[in-house]
Amino acid sequence: MLCPDQMIHASRSPLRRLTRFEYNNTVRDLFGDTTLPANALPAEELGNGFGNDADTLSVSGLLAEQYFSVAEGIGTRATTAPAFAQLDPCTSTVTTATEDACATTIIQKLAPVVYRRPLVAGESDALLALAKATRATAGATFATGISSVIQAMLQSPDFLYRIEFGVPDQANPALKRPSGDEMATRLSYLFFGTAPDATLRAAAKTGELLTKQGVLAQATRMLADARSHAVVRFFFDNLLPINGLTDLTRDKVLFPTFSPTIGAAMHEETQQFLEYEIFSGTGTWPSVLTAPYTFVNDALATYYGIPGVTGAMFRKVALPDTTQRLGLLTQGGVMTGTVTTNQSNPVLRGSFIVNKLMCRQISLPTDPAILDQVKIPDDTTGKTARERFSKHSQQPICNSCHQFMDPMGFALENYNPVGQFRTQENGVTIDASGSVPGTPGALNGPVELARKLAETAEVQFCFASHWLNFAYGRKLGQGDECARASVEVEFQKSGYNVRQLLLALTQTDAFLYFPGSM
Amino acid sequence: MAKIRLNRRTLLRGAGSIAIALPWLEAMGTEKRAYGAAAAATRFLAVYTPGGTVRAKYTPTGTEAAPVLSPILKPLQPIMDLKKLVIIDGLDMKSAIGEQHQAGIIAWLSGTPQKGTAYSSGPSLDQVIATRLAAQKQRSKKSLEFAVRWATGKSKGLLSPMNVGNYEDNATFNPIPPRLDPVQIWTDLFGSLTPTPGGDALIARKKSILDYVDKRYAALSSRLGATDKQKIDQHLTKIREIEQAIGGTTPPPMVCKAPTKVDTADYNPRTGLNSSDNGSVKDLATDNAIPKVGMYLMDLLVMAMACDMTAVGSFQWSDTEAKHTFPWLSLPEHHHFYQHDGGFKPAECEKICTWYSQMHLYLLQAMDKVDMGGHTLLDESVVLFGSELQDPPTHTKTNMPFMLAGGGGGLVGGRWLKYNALPHNNLLVSILNLFGDTRQTFGDPKYCTGPLTGLV
């Protein structure tokens, strides 16, 4: 047996740093700073695809420099009226005689929250000394001193990095697990994308987070809190090709009704749909792939030809014809975001499913001789995409890869490049027959494809795999078999429920224990 | 600006047999370089363009001493006429081993193969030069890396082996993210050029903040395991670099003045974050602003050098994905599409490459306008121009389209040098030699047979 239950299978957990998304959320919660200041930081590493891959983390001179200027802005804003009074009421009555006391009050209130742990001996004094040193410079006020304290904290490793030393496990002192505060931080960034709230901090103190059940209880509470929706949205913005639809331009003559406004609406459609289905609907990955409804506003409803929707607000509507559309894959955003040009491309749509929904790795050929032949066929080579894109499947070298992508792409040909349903292309009836390679049987059209993918276990485990990579902040690989297996088992048991999957992420030995401590 | 150059032979000829004292004249300064005792180059700039070139429209005709420029390089004729440009053909990027685009951008300055699916296995040339020049003089920035319309397509606005050519000169060769935002760059570099009242107090405050932060990293480092400690130590090193640069710089030279701000509100420097793998997302407003932003960023980089804020720069046009459009050239698809995604389109690629030559002319002329005291900024510099491959549809990396400009280290311009399938690491080590570093190999030594002959 690969992962016997009676043993602890911890995986390595390299040092993680706040991403720009997390930094922005955290300073919003700590200082009410809603300026998204971390957007000025240099790009994260692509790594696992979510920009939070701890294994690819590095520090450039530019990053250190920008941490300074970003912190400078936050410190200044936080110590300017009216924000300043939010730090502590003492700021409004402070006098020369009470400055040190007021600074100490602020430091002792703020620093444990910024550092996500209690202060150790001398830390408060060191920060007070910094406030006083600043106060002594020419032109400084009390607020300038506090600003320096905030700037220093925001550049400290205690804030920027998720530092974990762990504590001995009570049941088995030979084992180590994250301390209460460290677990609060793990949970908080996983579900809220920000620093622990008061409830989590309290739970960290009671020892509740030192047990598997305690962690599950907090995870369950957090997932039921609407604040978790922002993280789920971030996850899908990075997984699906929908983030840039807002900027998308298409040929106005060929597609007169499409515009970046419609693109933005498609993005919102998919996100609101996912939010509803995952948090308020059946909430399984198969149900996401086959839901008979979507979310539209008036403009998007008109675009799709759905009658009776007025107003700019998005609302849930039943799909008028579930032989034409069903579930996530058939939404305009996913169909538009997977096409490069003004011509639909079954290869690209198919490879999106293969790579992102099935986690099969098919990369571009590297042999220059083959690559030279990789080109989008001219419009003139056939009336339908199937005609245009059938040449390569007749050549064995091309077909060795294309056989895995094209049959799914062809089944989606009922959508034009901007996601509108069609039965004809250039006056010829579209043949949307296809298959899910590796599974038995043929299928016809997008709805059958969606249903088939929803029944395919590989698709479910691929989805779990993306969540594991995102949640653990790296690309899982060797040594992570047990974490992966235990999450997959729970996911499967729940009928592939997404919320259960997210909870299962917190119940693995990898999440609950440290490696090398057995 | 025409300059009269004197050399000793001219003087001696004119003097005939009459014995005169030969005072050393300032005007002999630059010419002296051509006779072996050249002053080392003091500035390095690397300019990257994606997707190679169209060889048939690039290779000059004529002779090595008197090249006739072909359509793609024609815009650079004024620099060739000034004898400040060298076209270097016949070099193969043999060290570019790995993914076909990634290995190219990784090797072009580092001369090393891609490490697995990650980055380089050595530092990049610009960083090695920057270390050398920083040892001679501390400047506020060891180097500056700028990029226009960066991290397109699959790299999705994030740092990846698809878009990085600069690697730190340390044990781990970390990839260096470029600066992207023109507004932020202007503020960072020129925002405090004029000393503000109370500047000393600001510096003192900054120092005490960094002092506190420094101690936190140092304290933490000793408590961590090897892998995590390395990351924290890296961060500490960067904080120390900032600490050293504060207040330690000399007043800027006379030519230094803050460039006029350009309105770039139509340009989203982080539009890469919204990109899709295959380039389906087109941000036409941002794409349309590329020429304006490109020229502005080149102006800022040139002024940062004129101000002696830095001696080393890199300028990157997009990245190896190059999935942005060229509305000002009436090219509605992205560059990668014309390279091979949509089937090789030589006419469109030629148009793009020719435009890059026009932009390069803009940069070199801007550098040649800056008077650094009897010679121009370009004269004391070495400017490398290159790409990650030669031929777009095949990704071939033989006979790379490289150019050098400037006169630093005695580089003799106005020529076309043709080598016979030598590794491009030879060029990298030769450039290093122009800066006074005498090593005989650079990058992976397997792909270096020694410095090129004929550059000086």
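The model is predicted: local features need pLDDT of at least 70 and side-chain atom pairs count only at pLDDT 80 or more, while totals for chains, interfaces and linings use all residues. Residues are numbered from 1 along each chain as its sequence is written, and chains are lettered from A in the order in which they are written.

**Chain A**
- Chain A holds 25 helices and ten strands, taken as DSSP runs (helices H or I, at least four residues; strands E, at least two) numbered from the N terminus.
- The C-alpha trace of chain A spans about 85 × 55 × 50 Å along its principal axes.

**Contact between the chains**
- In chain B, 58 residues are in contact with 54 residues of chain A (C-beta atoms, placed from the backbone, within 7 Å).
- Helix H8 (199-221), helix H9 (226-245) and helix H12 (335-341) of chain B each supply at least two residues of the side that touches chain A.

**Domains of chain B**
- Domain 1 of chain B covers 37-181 + 256-447 and domain 2 covers 194-251, with bounds from an automatic or database domain assignment.
- The C-alpha centres of domain 1 and domain 2 of chain B are 31 Å apart.

Conventions:
Two residues are in contact if their C-beta atoms, placed from the backbone, lie within 7 Å.
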